[in-house]
Amino acid sequence: MSAPLEGIRVVDFTIQAFGPRTSEYLAEMGAEVIKIESPRGGDPLRGVDGLRGVPSYGFNSYFDQIQRGKKSMTLDLHFESARQAMYKLVEDADIFVTNLRLGGLERLGVDYDTLSLMNPRLIYALGTGWGLKGPGRNRGGFEVTGVAGSGMLTSFVERGVRPPTWPPALGDYIAATYLVYGVMLALYHRERSGRGQLVHTSLLGAFMKMAACCVDASLYANQDMYGMSHAQEGALYNSYETKDNRFIQIAVMHDDASWAQFCEAVGIEYLKEDPRFGAYEVRRENSDALVSILDELFLTKTQSEWIECLEQWQFPWAPVRLLTELASDPQVIENDYLVTIDYPGVGKAKVVGVNLDLSETPGIVREQAPELGQHTEEILLDLGYTWDDIIAMKEEGAIL
Amino acid sequence: MSMPLEGIKVLDLTVYAFGPQTTAYLAEMGAEVIKIENPQTGEPIRWIDAMREVPVGKFKAYFEQTNRGKKSIAMDLHHEKARDVAYKLIEKSDIFVTNLRMGGLERLGMDYETLSRVNPRLIYAIGTGWGLKGPARNRGAFEATGFARSALVSGLVEPGSRPPLCPPAFGDYTAATFLAYSIMLALFHRERTGEGQMVHVSLLGACMKVMSACIDTSIAAGKDMFGLPHEGDGALYSMYQTKDKRWIQLAVVQDYRGWVEFCQAMGLEHLNDDPRFNSFESRRENNVALISILDEVFLTRNQSEWIERLEKYQFPWAPVRHFTELASDTQILENDYIVSLDDPEAGEVKVVGTTIDLSKTPGQIRSKAPELGQHTEEILLELGYTWDDIIVMKEQSTIL
């Protein structure tokens, strides 16, 4: 079995998380990805020493997971020699991925117009904060600006309440998933037509897409969708606190058969036929009352006791996990949603796997991320540069 | 300009949001999508009358979003004749997409083994709740269970707090994006080799993939990452309340070199040279003091006044929007992130666009979702069935 993108070459001119994750998806699927970094410091994420109060332990897990299996080459595109090397790479590449700002790309001579002239078959994938047009097109963007600007953040909470702090990289990775879908559309089109093109999405656009059902419904009704309080939310699609201050999420269907099953599962059979809850319509009417009953009920057992009690039931429910607990979740392990990687000098680490299954051409989680500029010389030699050329470029500072 | 998936035929046996959004992505890009619906129940989302208190009205935004541009064939796959129709359609299809439970698919004869024998070039795409293996593989799931068990929601709140309910369909659409990407990988592979395959994504796996920065870091450190209180955030990467109880999100990264510019934007010029704040290190040390200063400043103006004032600055910031405001946001309109559609019943409606730009083969938001079984007869006639056959099938309730 081969990976689906074997033989595809990607030039990665990305920083932070949105761009790097996009090309990491391609690397997992067998593409050769050459990451171009500034000789002065490289990708800013190389220096991250912790996330949200959780220190890096042994390896920079954040940087690593979106760079692994790539090659790193340093090039300072302010130097003509470096720019020429970049162009040589692009001539032979299938895909170029970037999330630098538009103005910077033009100044460095790696904008779409320039590169597509050089290689008309090139797929030029661009991630921005705010889109290709409009007054905000040159403004910086980070994931939270997309989440905030799309309206999504307000629907996590009740009206007027401070929205939650956003988990690191969650937004970037979602936008990257959308961009890489666009890349594959373009690659498929090129396979059929021979033509490359520009593929673009923004953090704002990607988040509006993920919130599209809330956006469309709110616009039509001219009424904003907010989060709802625990008491207001449907009793059977809600989370309940357990004895040990943990939570169980239930997502039981509205139908009466599911209700009956649920009553049996949690030991409230006596409510099955209760006129307040027996039929769907009355359950909906008396949702608050049911929420209070379930609040009390779930407090009688710890989360792990509830897991044991619910394990055999096939209606939708889940424990609200903590991140570290995933490593011992049998469902996670059996599906290879976490895989073990061996880090030289660190030992074994568990990391999130490919998490999409392709029966004939599965992806793979490859070895760790490259050191800054680890492959610069190798790549230049492949392009036909001599050692003399390489030394000259080092001396002027175009490469590390 | 043509669309990238023109000529591609998709058979859609999906319900709710995860599966339907996957094929909606393909429909936007030009694929012909035939949706199989049960004649008795139809797609359950057809009947939703409100979401989180936002009423549906004449325009079923939620259903339209995930089903527009598709054809509907209403047939009951419990009947042998309907199954024959499905197999005939499979012979001519490139892609089959489903998110029914695996047990049900086997009972209906629509599992991967059966369909790949009918058409070895078929790409069989399946979305599940929990993965193809493991003790929960047959359990039902909705996005909330994926958010819970992947620990995504734990990353949104402080330890011990009740996790928020995520915006409707956000998780389904995220997982659908990942599945649509997988389909494109398989389609590309088939174009090069002629080989079809099964592709699979689960809600659990997709949520873990987009949370992987937090997961990998937490597992490596053996310490869970949670949401932070306002004072725990970086002062320049936080959300501030305005005079009118709205919010402005700042997303200025730590090594930002434009402190003086930032002070000017905020009207805090007197802090230009303040040693507590004028370098990255000192700002980090005096984070809490800076947050209280910014808390006070932001409360002096309404959100719209802040937008006006900040508009010209290119550092990353965003208003925390409500959904209904998106339709008048210049940035959104100029990028066609919201487009107008003509709905036969509701008139002009505004909906989220494709929000992904393909310069040579753009997608298109097509109006409108089909009525239940709108294309049943048309599709059967194309397959070579006669009107007599169709009448018999109707009499037997095989079709609607």
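The contact between the two chains takes 158 residues from chain B and 159 residues from chain A, contact meaning heavy atoms within 4.5 Å. This is a predicted model, in which local features need pLDDT of at least 70 and side-chain atom pairs count only at pLDDT 80 or more, while totals for chains, interfaces and linings use all residues. Residues are numbered from 1 along each chain as its sequence is written, chains are lettered from A in the order in which they are written, and side-chain values use heavy atoms, with hydrogens and water left out.

About 14100 Å² is buried between chain B and chain A, and carbon and sulfur atoms give 63% of that area; buried area is the accessible area (1.4 Å probe) that two parts lose on being put together, summed over both. Nine salt bridges are counted between chain B and chain A, each a side-chain nitrogen of Lys or Arg within 4 Å of a carboxyl oxygen of Asp or Glu. In one salt bridge, the side chains of Arg139(A) and Glu311(B) meet at 2.8 Å, N to O.

Leu358(A) has Val199(B) as its bridge partner in β8(B).

Within chain A, an open sheet of three strands has the order β9-β10-β11, with antiparallel pairing. Strands β9 (237–241) and β11 (317–319) of chain A stand at the edges with a single partner strand each, so one side of each is left without a neighbour in the sheet.

Note on methods. Two strands pair if DSSP finds at least two bridges between them. Helices (H or I, at least four residues) and strands (E, at least two) are DSSP runs, numbered from the N terminus.
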